[in-house]
Amino acid sequence: MKKIVTLSFATLLAIFGMTTGQASEAPANAEATNQAQAETAVAEASQAQAKKEPIVQDSAQVKKLIAMYPQLVARIAPVGKVCFDGEECDINITVLAPAVEGVARPGDQLYKAICATCHDAGLVGAPKIGTSDWTARIAKGKTTLYDHAINGFNAMPARGGADISDDEVKNAVDYIITQSQ
């Protein structure tokens, strides 16, 4: 009797499993078909909307804010811009040619690649090239200027933060002196 009940129970479980498996596959297939159709409809609708979408104009409130605070747009503008080869950029970066052992590079090349970052803009109190900022410094003598440039002085890092030789630092200092006199 136990065997018959066990076999009957096992048979019922098998039949129940087959019917529920078929029932769950049918809605899954229907859901997949419905989902694919919905995705196609959304894609077509977005393409149609993209073609017809008007350019959004500033609202009256935004125009009023811009009028009240003229520097607002400049303050929230991106910090930088990516420039590609052949495009005009706001900043030109000079790449320093590699050093040849035993030969010091010219001062103008060194200045443009290393020193100009601070000395063209006067960053962190750096004296601007070609201005009277250099008069008192030049009066102290080249030896002092060389020492400050090689070892660093105030906010200026040693050798301008670059890995260059003493002779190259001196060439850059000489170039600055000639441009500032």
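Visitor: Why is Arg105 called buried?
Guide: Arg105 has a relative accessible area of 12%, and a residue is buried under 20%, exposed over 50% and partly exposed in between (1.4 Å probe, protein chains only), so Arg105 counts as buried. This is a predicted model, in which local features need pLDDT of at least 70 and side-chain atom pairs count only at pLDDT 80 or more, while totals for chains, interfaces and linings use all residues. Residues are numbered from 1 along each chain as its sequence is written, and side-chain values use heavy atoms, with hydrogens and water left out.

Visitor: What makes the contact between Glu168 and Arg105 a salt bridge?
Guide: A salt bridge needs a side-chain nitrogen of Lys or Arg within 4 Å of a carboxyl oxygen of Asp or Glu, and the side chains of Glu168 and Arg105 meet at 2.7 Å, N to O. The two residues belong to distant parts of the chain, 63 residues apart, with Glu168 in helix 7 and Arg105 in the loop between helix 3 (72–75) and helix 4. Glu168 is itself buried, because its relative accessibility is 3%.

Visitor: How many salt bridges does a search of the whole structure find?
Guide: The search finds three. Among them is the pair of Asp174 and Lys142, whose side chains meet at 3.6 Å, N to O. Asp174 lies in helix 7 and Lys142 in helix 6, so this pair ties together parts that are 32 residues apart in sequence. Asp174, at 24% relative accessible area, is partly exposed, and Lys142, at 44%, is partly exposed as well. Asp166 forms a salt bridge with Arg159, with the closest N and O atoms 2.5 Å apart.

Visitor: How do you know that the span of helix 7 agrees with its number of residues?
Guide: Helices are DSSP runs (H or I, at least four residues) numbered from the N terminus, and the expected span is 1.5 Å times one less than the number of residues. The 15 residues of helix 7 should therefore span 21 Å, and the end C-alpha atoms are 21 Å apart, which agrees.
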